[in-house]
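Dear colleague,

Here is the structure I promised to hand over, with my notes on what was found in it set out below. Please read the notes with the model open beside them.

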Amino acid sequence: MNAADIAAYIGAAAWLPQIGTWIHSYFVSPRVTIMPATEAEVGFTSMGPIFNIRMAFSADRKSAILDGLDLVLKHADGESRLLRWVGLYVTLSEIRDEAGKRQIASRDETPVALKIGTESLVERVVRFQEPRYHESVRPLLNNLVAHFNFLKQSGDTDYVGKVLSSKECYEMLEARKSALWWKAGRYDIEVRLGSPSKVALTKLHCFFELTPVDVENLRRNLDTLDAELRNVINSNVPESKPEPVNWNWANVGVRRAG
């Protein structure tokens, strides 16, 4: 072995740590940890069942990309419901003026993907809704819109009144009302991640409880469904005054199981 061969071996050996790092990065999957806030918001509106909660995300080993986030809520009686992320709310800045009033700059995003690095936490308020609800009411909403456009284009001066008393409007309202499945009792939370690559999730065991009072307050939103839909349709009548629309919410404590 001459000096040139020795130099070549030394040069190749110098690359071994870097090659090992590349191999490790290629084969090791990130591990994501999710830490939920201790309070969440349960709701029911024209958007169906809703669950809003602040979450902090962290990744170990390497960065992770999430392109889906689902919650499976299992009631104590065994019934399970799946909710999917539909919004990410982030606070950009918070300041107080000279009078002490707080001003918050925020942004609400429709989630496509969320990158979680290993250096710092990613914190968002995540808004969850039920995909099955939207899939069931979408064709009914399309039928209602089509019927509305037909009557409006026909020149009928009372087209708004006829739409409000139509079968299409009734079916739309009944489908929305029948989707209220919140009930009193304990709900265990299971988190499911979606990612373009393999991601491990640190096990999370937590739950919340709805009281009979919480459920009764949410059921009062059924009447508000009528008012909101009437407002939308009546907005086509000049000088119509909308009815007040106020949604009730339930604030629940989220606790770790065990």
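**Notes on the model**

Val125 lies in strand E8 (residues 122-129), where helices (H or I, at least four residues) and strands (E, at least two) are DSSP runs numbered from the N terminus. With a relative accessible area of 17%, Val125 counts as buried, the cut-offs being under 20% for buried, over 50% for exposed, and partly exposed in between, with a 1.4 Å probe and protein chains only. Leaving aside residues up to four places away in sequence, Val125 touches Ile53, Arg54, Gly87, Leu88 and Tyr89, a contact meaning heavy atoms within 4.5 Å. Tyr89 is 36 residues from Val125 along the chain, and the C-alpha atoms of the two are separated by 4.9 Å.

Before going further, please note that this is a predicted model, in which local features need pLDDT of at least 70 and side-chain atom pairs count only at pLDDT 80 or more, while totals for chains, interfaces and linings use all residues. Residues are numbered from 1 along each chain as its sequence is written, and side-chain values use heavy atoms, with hydrogens and water left out.

The protein chain has a mean pLDDT of 87, with 83% of its residues at 70 or more; pLDDT is the predictor's confidence in each residue, from 0 to 100. Where pLDDT is low, the predicted coordinates should not be read in detail.

As for the chain as a whole, the secondary structure comes to 6 helices and 13 strands, and buried residues make up 36% of the 258 residues. Of the contacts with a separation of 6 or more, 71% are between residues 24 or more positions apart. The accessible surface comes to about 15,400 Å², of which 53% belongs to carbon and sulfur atoms, areas being computed by the Shrake-Rupley method with a 1.4 Å probe.

Two helix pairs are described next. The axes of helix H2 (residues 131-153) and helix H4 (residues 167-177) come within 9 Å and cross at roughly 165 degrees, the axes being lines fitted to C-alpha atoms over the stretch in contact, with angles from 0 to 180 degrees between N-to-C directions. H2 and H4 are therefore roughly antiparallel to each other, a term that applies to angles over 145 degrees. Among the residues that meet are Leu140, Leu141 and Leu144 in H2, and Cys169, Met172 and Arg176 in H4.

H4 also pairs with helix H6 (residues 221-234), their axes coming within 10 Å and crossing at roughly 145 degrees. Here Cys169, Met172, Leu173, Arg176 and Lys177 in H4 meet residues of H6 including Leu222, Leu225 and Leu229.

Most residues other than glycine have a negative phi. Arg61, however, in the loop between strand E2 (48-60) and strand E3 (64-66), has a positive phi near 80 degrees, and Arg61 is partly exposed, with a relative accessible area of 47%. Glu239, in the loop between H6 and strand E12 (249-253), likewise has a positive phi, near 65 degrees, and counts as exposed at 79% relative accessibility.

Best wishes

How values were computed: Parallel < 35°, antiparallel > 145°, perpendicular 65-115°, else oblique.
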